[in-house]
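Open your viewer and get ready to select residues by number. Each stop tells you what to pick next and what is there.

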Amino acid sequence: DMRPYHNSFNYLPPNEYYNDHPNWFSPGVDASYTKDSLWQGQLCYSAHGRTYDENGRPNGEYGEMIDTVVEKMIIEIQKPANATNNNIAITEQDSYDWCNCAACKAEQEKYGDCTSANCILFCNDLADVLNATLQEQGIDRVMTVYFFSYLSTVSAPAKQNADGTYSPIDEQIKCNENVGVIYCPIQANFYYDIDADINSFY
């Protein structure tokens with residue numbers, strides 16, 4: 001079964017996919033990594049550069065990456081244990097490592113040096129393709145895709161307004177209605193409340 005935590009390599013284990021699709025992984029990952037390589041490496045959430053067809057659907061290497069995850073998510077969704085659960089997660093490996101390919105770096109720089117931008121853009125596309133594929137296959141489900149806000153991705157791609165509130169840097173970087181965040185500020189001091197001064201960063 002697909003665990004909900006640190007499971008990105010469960011969907012796309014490098015030892016199965018790296019040789020044919022090295023761009024699905026962050027630099028440093030290779031075919032020796034497995035689904036159990038928790039503490040090093042990540043996916044490349046842009047497949048080294050997002051591409052789309054004329055209808056806005058992911059294509060090329062990026063599209064094949066999305067489609068592969070969707071195929072595995074649909075298998076999970078249809079298991080009896082998940083029959084009434086309309087939530088599914090793809091969550092980063094338990095590592096500070098992050099993809100620094102040119103495409104991912106450009107997105108991070110555009111969105112305030114936030115690596116979470118890579119995850120949001122990926123999950124927006126993933127949720128759209130997942131739900132479109134479910135509809136195409138006659139499966140009467142609408143799923144919400146969740147990702148971790150954790151370690152490198154704990155900061156949001158947002159800007160602070162004059163009144164102290166926050167807004168997304170632009171509309172593209174907002175989570176779609178079928179994308180959710182599992183907030184995991186593991187470096188916070190949990191001896192204190194999350195809204196205590198010592199945890200003001202979070």
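This is a predicted model: local features need pLDDT of at least 70, side-chain atom pairs count only at pLDDT 80 or more; totals for chains, interfaces and linings use all residues.

Residues are numbered from 1 along each chain as its sequence is written, and side-chain values use heavy atoms, with hydrogens and water left out.

**Stop 1: helix α5**

Select residues 116–136, which make up helix α5. Helices (H or I, at least four residues) and strands (E, at least two) are DSSP runs, numbered from the N terminus.

Now pick S116 in this helix. Is S116 buried or exposed? S116 is buried, at 2% relative accessible area. Buried means under 20% relative accessible area, exposed means over 50%, and partly exposed lies in between (1.4 Å probe, protein chains only). Neighbours within four places in sequence aside, S116 is in contact with T153, S155, A156 and P157. Contact means heavy atoms within 4.5 Å.

Move along helix α5 to L134. L134 is buried, with a relative accessibility of 0%. Which residues does L134 contact, leaving aside those within four places in sequence? They are I74, I77, I139, R141 and M143.

**Stop 2: salt bridges**

Side chains of opposite charge can pair when their charged atoms come close. A salt bridge is a side-chain nitrogen of Lys or Arg within 4 Å of a carboxyl oxygen of Asp or Glu. How many salt bridges does the structure hold? There are 4.

Select E107 and R50. Their closest N and O atoms are 2.7 Å apart. E107 is in helix α4 and R50 is in the loop between α2 (14–17) and α3, so this pair ties together parts 57 residues apart in sequence. E107 is buried at 13% relative accessibility, and R50 is buried at 16%.

Next, take E136 and R57. In this salt bridge the closest N and O atoms are 3.4 Å apart. E136 belongs to helix α5 and R57 to the loop between α2 and α3, so the pair ties together parts 79 residues apart in sequence. E136 is exposed at 57% relative accessible area, whereas R57 is partly exposed at 28%.

Then show K79 and E76. Their closest N and O atoms are 2.9 Å apart. K79 is partly exposed at 25% relative accessibility, but E76 is buried at 10%.

**Stop 3: positive phi**

Most residues other than glycine have a negative phi. Go to H6, in the segment before α1 (8–11). H6 is not a glycine, yet its phi is positive, about 45 degrees. H6 is buried, at 9% relative accessibility.

Jump to D113, in the loop between α4 (102–110) and α5. D113 also is not a glycine, and has a positive phi of about 60 degrees. D113 is exposed, at 62% relative accessibility.

**Stop 4: helix α3**

Finish with D67. Where is D67? D67 sits in helix α3 (residues 60–77). D67 is partly exposed, at 37% relative accessibility.
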